Amino acid sequence: MVLKIRLARFGKRNAPFYNIVVAQARSARNSKPLEVLGTYDPIPKPPPASSSASAEAEKKVKDIKLDISRAKYWLGVGAQPSDPAWRLLSMIGLLEPKYRASAKENDQEEQIR
């Protein structure tokens, strides 16, 4: 049984909301998962009101909630994250970023030009 950590879409049209789930690789995107690890809201929202921040300096954030201990467990068991799930897990710090431009690659690109 091959397991995947992936995103299951919920929400309305033009207002997506995703559950981060563990499911069998061959099951449909929104079928019943083995476990729900967390949620991801890709629409940027302003952070909770703070007393010292001005309205112009506020930076909108995307909301990621994840049960880190369960995510570590499923990764240890061998669940393979999809590319979007890999990106979210690397933002939290559980995985290394998949695509990262190194200084060596940048130097080679400059030499070609």
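This is a predicted model: local features need pLDDT of at least 70, side-chain atom pairs count only at pLDDT 80 or more; totals for chains, interfaces and linings use all residues.
**Entry 1**

I then looked up W74 and found it buried, with a relative accessible area of 12%.

**Entry 2. Aromatic pairs**

I searched the whole structure for aromatic pairs and found two. In one, the rings of Y18 and Y40 have centres 6.2 Å apart and planes at 25°, so I noted the pair as stacked; the cut-off for stacking is under 30 degrees. I checked where these two tyrosines sit: Y18 is in strand 2 (residues 15-24) and Y40 in strand 3 (residues 35-45). They are 22 residues apart, and the pair links distant parts of the chain. Y40 counts as buried, because its relative accessibility is 5%.

Y73 and W74 form a pair as well: their ring centres are 5.2 Å apart and their planes stand at 70°, so this pair is edge-to-face.

**Entry 3. N19**

I went back to strand 2, where N19 also lies. Is N19 buried or exposed? It is buried, with a relative accessible area of 16%. I listed what N19 touches, leaving out residues up to four places away in sequence: R6, L7, A8, F10, V36, G38 and T39. I also looked up the separation between the C-alpha atoms of N19 and P33, which is 10.0 Å. These two residues are 14 apart along the chain.

**Entry 4. N14**

Next I looked at N14, in the loop between strand 1 and strand 2. N14 is exposed, with a relative accessible area of 72%. Its phi is positive, about 65°, although N14 is not a glycine. I noted this since most residues other than glycine have a negative phi.

**Entry 5. Helix 2**

I ended with helix 2, residues 83-92. Which residues of helix 2 are buried? I found A85, L88, L89 and S90. Residues three or four places apart in an α-helix point the same way, because there are 3.6 residues a turn.

I then asked what covers the buried residues of helix 2. The cover includes strand 1 (3-12), strand 2, strand 3 and strand 4 (61-66). Helix 1 (68-77) and strand 5 (80-81) are also among the elements that cover them. After helix 2 comes G93, and I noted its positive phi, near 110°.

Notes
Residues are numbered from 1 along each chain as its sequence is written. Side-chain values use heavy atoms; hydrogens and water are left out. Rings of Phe, Tyr and Trp (its six-membered ring) pair if their centres lie within 6.5 Å; planes under 30 degrees apart count as stacked, over 60 as edge-to-face and the rest as tilted. Helices (H or I, at least four residues) and strands (E, at least two) are DSSP runs, numbered from the N terminus. Buried means under 20% relative accessible area, exposed over 50%, partly exposed in between (1.4 Å probe, protein chains only). Contact means heavy atoms within 4.5 Å.
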